[in-house]
Amino acid sequence: MADPKNVREMKNQDLGQVCGIWLKEVKSAHLLIPDKFWDSRIPLMIEDTQNAIEKFVYKENKIIKGFVSAGLSSDKDYI
């Protein structure tokens, strides 16, 4: 079971690991979409994450295992 003590606010230096998680998972979830499409979306993902109102990471043994960010984009809430 995940330990809630391992959840903390995301820091700018976490973006590399977070982006890696996002890219790996989005590619595995959307096998029919070419990888280069997702690779081209990295700057937007980083911008959305940096601009999120709330953002947290879950770490185990100094490795980020998951993340969540929430905010507003084009007047719509997102997670």
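Two residues are said to be in contact when heavy atoms of the two lie within 4.5 Å of each other. With that term in hand, the structure can be explored piece by piece. It is a predicted model, in which local features need pLDDT of at least 70 and side-chain atom pairs count only at pLDDT 80 or more, while totals for chains, interfaces and linings use all residues. Residues are numbered from 1 along each chain as its sequence is written, and side-chain values use heavy atoms, with hydrogens and water left out.

The overall layout comes first. The chain holds three helices and four strands, where helices (H or I, at least four residues) and strands (E, at least two) are DSSP runs numbered from the N terminus. Read from the N terminus on, the order of the elements is β-α-α-α-β-β-β. Along the principal axes, the C-alpha atoms fill a box of roughly 35 × 30 × 25 Å. About 6000 Å² of accessible surface belongs to the chain, and carbon and sulfur atoms account for 55% of this surface; the areas come from the Shrake-Rupley method with a 1.4 Å probe, and for residues only the protein chains shown count as cover. Of the 79 residues, 24% count as buried, a label given under 20% relative accessible area, with exposed meaning over 50% and partly exposed in between (1.4 Å probe, protein chains only). Among contacts between residues at least 6 apart in sequence, 48% join residues at least 24 apart.

Not counting residues up to four places away in sequence, Asp 14 touches Arg 8, Glu 9, Val 57 and Ile 64. The side chain of Asp 14 also reaches the backbone nitrogen of Lys 11 at 2.7 Å. Such a polar contact is a pair of N or O atoms within 3.5 Å; within protein, one must be able to donate a hydrogen and the other to accept it, and residues adjacent in sequence count only if both atoms are side-chain atoms.

Thr 49 is part of helix H3 and is buried, because its relative accessible area is 3%. Leaving aside neighbours within four places in sequence, Thr 49 is in contact with Met 10, Leu 15, Lys 55 and Ser 69. Lys 55, in turn, belongs to strand S2. With neighbours within four places again set aside, the contacts of Lys 55 include Arg 8, Glu 9, Met 10 and Val 68. The side chain of Lys 55 has a polar atom 3.3 Å from the backbone oxygen of Thr 49, and the Lys 55 side chain reaches the backbone oxygen of Gln 50 at 2.7 Å.

Helix H3 (42-51) and strand S3 (63-73) each supply at least two residues of the lining, and H3 gives the most, with four residues. By type, the lining divides into seven nonpolar, three polar and two charged residues. Here Ala, Val, Leu, Ile, Met, Phe, Trp, Tyr, Cys and Pro count as nonpolar, Asp, Glu, Lys and Arg as charged, and the others, Gly among them, as polar.

Most residues other than glycine have a negative phi. In this loop lies Asn 61, whose phi is positive, near 50 degrees. Lys 62 lies in the loop between S2 and S3 as well, and its phi is positive too, near 65 degrees. Asn 61 is exposed, with a relative accessible area of 74%, and Lys 62 counts as exposed at 75% relative accessibility.

Lastly, Lys 76 lies in strand S4 (residues 76-78). At 59% relative accessibility, Lys 76 counts as exposed. Its C-alpha atom is separated by 21 Å from that of Trp 22, 54 residues apart along the chain.
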